[in-house]
Structures are given as structure tokens and as C-alpha cells.
Amino acid sequence: MKHLCTMGVTALLSCILCLSGCSLSDNRPPSKLIKNEAKIKSIIKKMTLEEKIAMIHGKHMFTSAGVERLGIADIIYADGPFGIREEMEPHSWHSLGLSNDSSTFFPTGSALAATWSKDLAYTYGKSLAQEARLRGKDMILGPAINIQRLPTGGRTYEYLSEDPFLNAQLSVGYTQGVQDNGVAVCLKHYALNNQENNRGRVNVIVNSRTMREIYLLPFEAAVKEADAYGVMAAYNKVAGDWCSENDLLLNQILRNEWKFKGMVISDWGGVHHTVNAALHGLDVEMPNSRFFGQALLDSIQAGTVPVSVIDEKVRNILRVRFAIEPIPAEEANKTMTAQPEQLRVAYDVAAKSIVLLKNKESFLPLNLNQYKKIAVIGENAIHKQANGGYGAGVKALYEVTPLEGLQAKIGDQAEIAFSQGYRGFTGQERISHISPYSEADPKLLQEAVKTAKNADIVLFIAGNNREVETEGSDRTQMTLPSGQDEVIKAIAAVNPNIVTIVVAGAPVDLSVVEAYSSSIVISWFNGTEGGNALADVLLGNISPSGKLPFTFPVKLEDSPAYALNNYPQTTTETGGDKNVAVYSEELLVGYRWFDTKGIAPRYSFGHGLSYTTFEYTNLQTKKEQYGSNESIDVTFELKNTGEREADEVVQLYVHRLDATIEWPFKELKAFERVSLKGGESQTLTLTIPVSKLRYWNEDNHKWILEHSEIELMLGSSSSDIHLTKKVKI
Ligand code: BGC
């Protein structure tokens, strides 16, 4: 693979520069939040200092106070991002045990991202908002949009993608879907919360170009393009300061540059100082008043925090309060949270998220005339994934497991025999720090072999569960847990017809599975309807159309932060300081690294097969050269050359040809999900605004366009490019 550029070159020698302010269009309509400024001003005048202070910290675990005397309702938060969390006791993490707060468990972040559909992200957000309204909530604590920097990152399953553009598109869709339906979002975790180990102390060292182009871009897009009303400050530090007291992130970038008008809340327990947090942009301390209660009153009285700063915070909160219609307590929780419409959306997202990684000799879809005895092997076939691990889960109205989905859809067309195969990793083991990477359980392994021997085909349901992938800690390896590799080897010795289904939210090591499986499918932590969607894909009722939102490396050491010893932080160039995370891979995150360095991944970003085939022809642009305010329309024909109706996700990457500054080998700049009937073709246009091709210039602190020749690369994945064309910008 071609190495376009080497890191470290900053000279801008011969290029002509085009200076401008922001990466995203600033011709945006004014924020809906600033409609009530006069009213807010007069309310602030009427408020006592104590009332103001009461408003800017947690009142209950998921509530911050309004002012009853002035008819201003509390703000009620719904923990997200993939379902409305059940009702909790006011001051603990215990469930209230209500009977009608069961909600839809939506596919988690990486599954949503695998749909590559802004429309589905919108519908997902809309559905969450509808459920939140039934529960009287004002703000959803989501979307969670940090970049998946590490394959092992504990919250990879909650986050969307390793690519900032895909991430940004989905974040905008999700945000608009939520906010168009009467609820505020809270973008989290701002910013650079890319690892869970030591997240409360780790200090991220990243250059500003990388920060802007990779890590902040999804936040910037959701603020500017979708008018996000809320932002949650992350637990970690960036450039030496905790995110909850980070003047650069909160005041300079979010407020001053991006013109964010909403409210910034802390992550739960993520505040460290009163004065710094107060002066540097935090509006609400959650979930209690340790720093923004009496301590803040004392600081005001001592003159270290001016009242005007408190008034700003109150104003930010009131803007959101007036943009969101409060729901009286007596009207909330009247009906069951999960409703058929939202359950259907959970199915749609799951169905379009499933990724077919490999399909040797069109082994899938399953031919039930040929396979009359099906062995379903693996604990994940019966494991529910709505809860588990540390952090927000969902009290799901129901969750269809893979086994239940297969049983329901196969009915009496074939015989299904289930065998557990391996022991699922448990919460107790996690708490006791027992490793999930144990050997196989000999008894379960033996039973699995017996079941496999008597079957025509094996569906091996492998993967992680939510005790393995969890908030609060990263995985130590990508290996499949609980001795699953041993299990598949033993099964393969007695039955070579194996389809492996990986239930996981993050990349796993597929080297063993790959050798023994005819087909491999990724079916994610896929929500309430996950088992039904999986069965429909395996049986060919629908064609798979999900695409990987992140790279599957062959081995962990191939991935950038590991390759450069930046993670785990015990062997870094900073002398083994585990409190410092150096992002020296810079822009080369995910596929940008693999492409630029010429390292072949196991499966590339954007990869996903179908039961049909697509043909890409006739790529055209109207012009050969584009100005900085123009857009490049890339037109081409897409034909479904098979017989089945199916979706394809067309992906457009940009490769810089004669650039003088450093660039990753190629970058995703446009994509679209398209549905085509068998034999159907369509003319499609993907658009890249030239302004989105700018880079962050560290010297000028500006987005700048480097005039150069670029190659437009159109394909069905980052490694499967079908058509190219060169133009100048
Ligand atoms: C998580 C947040 C979450 C909050 C409330 C924190 O530990 O980082 O994402 O919204 O808890 O549950």
C-alpha cells in the first residue's frame, strides 16, 4: 500500500492557503435556545442567590432543580444512550422497581453506526425521545460519541465509530431525532474520553490538529448542524485540566468558537474543584452538590467567583428549560415506556446493522432444505445483553435472544439443538477481577462436541457480553473470552459446517474463528429485537447490509495506540506514567493508520458483504477543478446485479495527491445507504463540500484549505474501491 505521508512534516512550503474560520458551515440558523432571552433575564433578576445555586447542581441522582416559587420545573435526565434507564431512587443507583418503566433496548452505539444511516440515527433518536417523554424526561444522556481509538476501549460498544465523519453524521441524525421530538440531547463525553482504565485521572496529550479533525469533529457537528442543547464534560483531563474545568474545551472552543448556547453538565462525580469548574465553563455539577453547593456560595462570598458567572449558568440552563416542555410528574409513567412503534425501530436498526464478514461459497443464507438438524452452540445464544457490567443498562420490556429468534423463525422447518459450549463471564467474576480469558469448561465443551456431531450445521454464537465490555475498564485483549477458540476448534473436528455469529460491541480477535468458519457474522449487542433480526439475516429473509464502523485488526499490536506503545500507559515514552495518554499516532486513528502504514487488517473499516452483488460504473464529476466555496458532486451508477433486493452502503473517500502537508492515506468524506431491487440500477450523487476538506492549521488556529489534486475513491468499503477520479481543489 502506498505511504502518502510521514508524520511530523509541518512546512506549508509551496501550497496556496485559503484561510477561514470553522470546519463546518456557519451559515446556520440561530439556535432555538435563544428565543427567550428577555424572559430569562427578568427571571434571573427575580431569583435569590440560593435559588441560583440550587439550580446548578444535582438535586437527585438524575434531576437538577428548577425554582418552584417561579414556576420553573426541574430538569429531569434520562440515562442513555441506547434506552431510557428505569426509574431510580432519588439518591442511589437502586431501581425503584416500578412496573411500567420497561423500555426498548435499542442496538448499542456500534450497532447503530454499522447501519451507516443518518436516517436510522434520526429515527433512533426520535424513538428514544418518544419513550423519554412517556417517562417525563427532559434530557437524554446521549448520544455517546467519543472516537473509538482503542479496539479494547471499555465503551466501544456505546460509542459509534473510529471515523469522525461517520460519527458526526450519525451524531447529527440522533440529535435532530431527539430534539425534534421534544427532548434535549446531552453529547457525551466531551472530550477525548477514549479509554476507561484510569479515566478519572488520565491526562490526554494530543496536538490541536488531531484534536479538531478527529476527536472534536462529531461534537462540533452536533452543536453546529443539529443545535445540540446539552454537553456532558468527560471524566479525564485534556492538556492538563479536567474536562469539567477545561477553559480551552468549554469556554474557548464550545462557547466562543462553536457558539454553543446550551448547558454543560458534569459526568457523574466528575467535578474536582469549585472555582476552576465555575470559572471555566461547567454549568451543572451532577449528581450532587459537593463543589457547586455551599462551597460555591462560600467562593462567591469570598469574591473568587462573581455572581455574573452564576447568572450565566442559570441562563444556559433556563434556555434549555424553556426549549423543552416540562411534563408534570402526575402525567409521567402512566403507560409502559416501550411501545410497538419504538420496538419496531429497534428491529429495523438491528436488521440493518448486522455485518456479514465472510461467506465462503455463499454458505449463507441457510438452506433449510439442506440442513435439517441445526446445532446452536454458545452461551451468547441465550445471554441477554440489555444489562451487565458497570454503567447504564436498560430494563428492557423484552429481549429476543439469538436462540429465541432462530426458534421462532425456523419453527418446524428444521430441528434445533442447543448447547451452551462455554461459560459466560459473570458480574461476580468481573468484580473479583477474575480474567474472562479462561480455558474452556471441559464438560460444556464435551456436550458441545456431541451436539455438533449430531447436526448438519453449527451456528456458533460467540463473542463478548456486557461484563466483558464494560464502562469503567478496558479489555486487556481482543481474544474471545471463556475459551471460545478451544470450543470452535473442538466443534470443527466433528463438523466442518460452521457459521460463527459474533455478539460483541467491539473488535475481537478472529484468527481462530476465521480458520474454522465458512461464514462469519457480526450481530452486535443488538437490542430488544436482536435475535429476530439475526434469524432473518441468517435465513435470508433479508440481505445483510451492515458495514463495519471500525477496523478489525489481525492482532492488537497492529493497532496504532498499541503499536506506538501509547496504550496501555505503562511503557510510554513519558516514563511509564499511567496518568498520561500520549496520542502520538496523531491523525492515524483506525483505518487511517492501517492504510497509511500499509498494515493489512483482518477486516477493514466499511467492510460488509451482501447476499447480492453490486456493480459500480460511470463515475463523473461536472468539473475538474473546484473552488473553496463549491461542492464536488460525484455521480455514478449503482446496479444490483443479483436477484435479491438489498441495501448497499456506498462510500466515498478522498486521497490527497500532491499535498505538502501530511495527510492520512485516505479519509471518508461521504456515504449513503441505498436500497435496490434485484437487477435494479440507480444514478446516485454523493456530495463533498470543499470546505470539509480543510485541515486545522496549528499555527494560525484556523481551518485552511490546501489547494491540491485529490483522488476521489468510491467503493463498498475502505479496502474495496471500485472507481476513482482525480480533481483539483
Ligand atoms: C457515565 C455517563 C452516564 C452517567 C450517569 C457515568 O458514569 O460516564 O455516561 O450518563 O454515569 O449514569
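## A buried aspartate

A residue counts as buried when its relative accessible area is under 20%. D536 has a relative accessible area of 6%, so D536 is buried. This is a predicted model, and D536 sits in helix α18, residues 530-539.

What does the side chain of D536 contact? It makes a polar contact with the side chain of K409, at 3.0 Å. Leaving aside residues up to four places away in sequence, D536 touches Y347, K409, N541 and I542.

## A buried histidine in a loop

H607 lies in a loop. The loop runs between α20 (591-597) and β20 (614-621). Is H607 buried or exposed? H607 is buried, because its relative accessible area is 15% and the cut-off is under 20%.

A polar atom of the H607 side chain lies 2.8 Å from the backbone oxygen of L357. H607 also touches other residues. With residues up to four places away in sequence left out, its contacts include V355, L356, G546, K547, L548 and S717.

Helix α6 covers residues 208-215. Seven of its eight residues are buried, so α6 is largely enclosed by the rest of the structure. The buried ones are R209, T210, M211, R212, E213, I214 and Y215.

The N-terminal end of α6 has a cap, and the capping residue is N207. A side-chain oxygen of N207 lies 3.3 Å from the backbone nitrogen of R209.

Helix α4 spans residues 118-134, and helix α5 spans residues 164-179. Their axes come within 6 Å. They cross at roughly 35 degrees, and the crossing is right-handed.

Which residues of α4 and α5 meet? From α4 come K118, A121, Y122, Y124, G125, K126, L128 and A129. From α5 come Q169, L170, V172, G173, Y174, Q176, G177 and V178. By class, this contact has nine nonpolar, five polar and two charged residues.

## How confident is the model?

The mean pLDDT of the protein chain is 95. In this chain, 96% of residues reach 70 or more. Confidence is highest in strand β9, residues 230-233, at a mean of 99. It is lowest in strand β1, residues 17-20, at a mean of 37.

Over residues 1-22, pLDDT stays under 50. The model has 65 contacts beyond four places in sequence for this stretch. Where pLDDT is low, the predicted coordinates should not be read in detail.

Technical notes:
Residues numbered from 1 in each chain as written. Predicted model: local features only at pLDDT ≥ 70, side-chain atom pairs only at ≥ 80, totals over all residues. Heavy atoms only, no water. Axes fitted to C-alpha atoms, helices over the stretch in contact; angles between N-to-C directions. Helix = DSSP H or I, 4+ residues; strand = E, 2+ residues; numbered from the N terminus. Left-handed = near helix turned anticlockwise from the far one by under 90°. Contact = heavy atoms within 4.5 Å. Nonpolar A, V, L, I, M, F, W, Y, C, P; charged D, E, K, R; others polar. Buried < 20%, exposed > 50% of the residue type's maximum accessible area, 1.4 Å probe, protein only. Polar contact = N/O pair within 3.5 Å; in protein donor to acceptor, adjacent residues only side chain to side chain. pLDDT = per-residue confidence, 0-100.
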